[in-house]
Amino acid sequence: EKFNLDNLPPFSTWMDTLERKSALEIDCLYLKALRRLARINKNYIDLANKTKERIIKKIKENPVDINLIFAYLFLEDIYSKDEWQKFFEKLIEENYLDWGGIATLPKNHPNFKDEDEDDGESAIAYHQGDSWYYLNNLLAFCLNKINYQNFKNIIQPIIKSSLEDLFFDGALGWSSEISSAKERKSEGSLVQLWSIVSLILLTSSFQNLNIFLKP
């Protein structure tokens, strides 16, 4: 009763350099919790339905929120596959980076930073432009489920950039945390568990993946 989605504690999500009072990914996790509670107590059904409506409205109003990735992973059933495809096409149009990554903020946003000016010490670009390897991998995983043929020109560069980081850059055999949006780099923590786990999830979603991406 006291949980207030419109007044989250400051810096309370993975995007912890931003003071967001409303976070799509928290909304989605909350709905997952409500759905489970509703199996036990039907009194939660109405609140779950209201939260679902809130999420649907939020996505339609801002389909280029990078947390759309989590919305799909957590709540795939709230939209049809065709609707999800259109949302992701818009996200890619605004946030995709040609080297094979997704920026945390649309490239035309006034707060977008394509790199930090002080080697990342101020973390200004951290959640306002930097590309996170784990998010790149999860994005490609989502796109593969939705429509591989439509998104293969996005999926393949993401896999390539993640494998380059894994095998040729950063800490050999480990996945890095982030890259600047400007160009693919291995930055932040060079040993990031959620980056390599998401890469394993992505590559294992293909049968007989050719890691050289030959046709």
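Helix axes are lines fitted to C-alpha atoms over the stretch in contact, and the angles between them run from 0 to 180 degrees between N-to-C directions. Helices (H or I, at least four residues) and strands (E, at least two) are DSSP runs, numbered from the N terminus. The structure is a predicted model, in which local features need pLDDT of at least 70 and side-chain atom pairs count only at pLDDT 80 or more, whereas totals for chains, interfaces and linings use all residues. Residues are numbered from 1 along each chain as its sequence is written, and side-chain values use heavy atoms, with hydrogens and water left out.

The axes of helix 1 (residues 24-40) and helix 2 (residues 45-61) come within 9 Å and cross at roughly 155 degrees. Helix 1 and helix 2 are therefore roughly antiparallel to each other (angles under 35 degrees count as roughly parallel, over 145 as roughly antiparallel, 65 to 115 as roughly perpendicular and the rest as oblique). Helix 1 passes helix 2 in a left-handed crossing, a term that applies if the near helix is turned anticlockwise from the far one by less than a right angle, with clockwise giving right-handed. Contact (heavy atoms within 4.5 Å) is made by residues including Leu24, Tyr30, Leu31 and Leu34 of helix 1 and Ile45, Leu47, Ile55 and Ile59 of helix 2. The residues of this contact divide into 11 nonpolar, one polar and five charged; Ala, Val, Leu, Ile, Met, Phe, Trp, Tyr, Cys and Pro count as nonpolar, Asp, Glu, Lys and Arg as charged, and the others, Gly among them, as polar.

For helix 5 and helix 6, the axes come within 10 Å and cross at roughly 140 degrees. These two helices are therefore oblique to each other, and their crossing is left-handed. Among the residues that make the contact are Tyr133, Tyr134, Asn137 and Phe141 of helix 5 and Trp194, Ser195, Ile196 and Leu199 of helix 6. By class, the contact of helix 5 with helix 6 has 13 nonpolar, four polar and no charged residues.

Ser195, found in helix 6, is buried at a relative accessible area of 1% (buried means under 20%, exposed over 50% and partly exposed in between, with a 1.4 Å probe and protein chains only). Not counting residues up to four places away in sequence, Ser195 touches Tyr133, Tyr134, Asn137, Ser175, Ser176 and Glu177. Gln192, in the loop between strand 4 (178-179) and helix 6, is likewise buried, with a relative accessible area of 13%. With the exclusion of residues up to four places away in sequence, Gln192 touches Ser175, Ser176 and Glu177.

The structure holds 17 aromatic pairs; rings of Phe, Tyr and Trp (its six-membered ring) pair if their centres lie within 6.5 Å, and planes under 30 degrees apart count as stacked, over 60 as edge-to-face and the rest as tilted. The rings of Tyr126 and Trp132 have centres 4.8 Å apart and planes at 55 degrees, so the pair is tilted. Tyr126 counts as buried at 19% relative accessibility, and Trp132 counts as buried at 2%. The rings of Tyr148 and Phe206 form an edge-to-face pair, because their planes lie at 80 degrees, with centres 5.9 Å apart. Tyr148 lies in helix 5 (residues 133-168) and Phe206 in the segment after helix 6 (193-204), so this pair ties together parts that are 58 residues apart in sequence. Tyr148 is partly exposed, with a relative accessible area of 26%, whereas Phe206 is buried at 17%. One aromatic cluster is formed by Trp14, Phe70, Phe74, Tyr126, Trp132, Tyr134 and Trp194.
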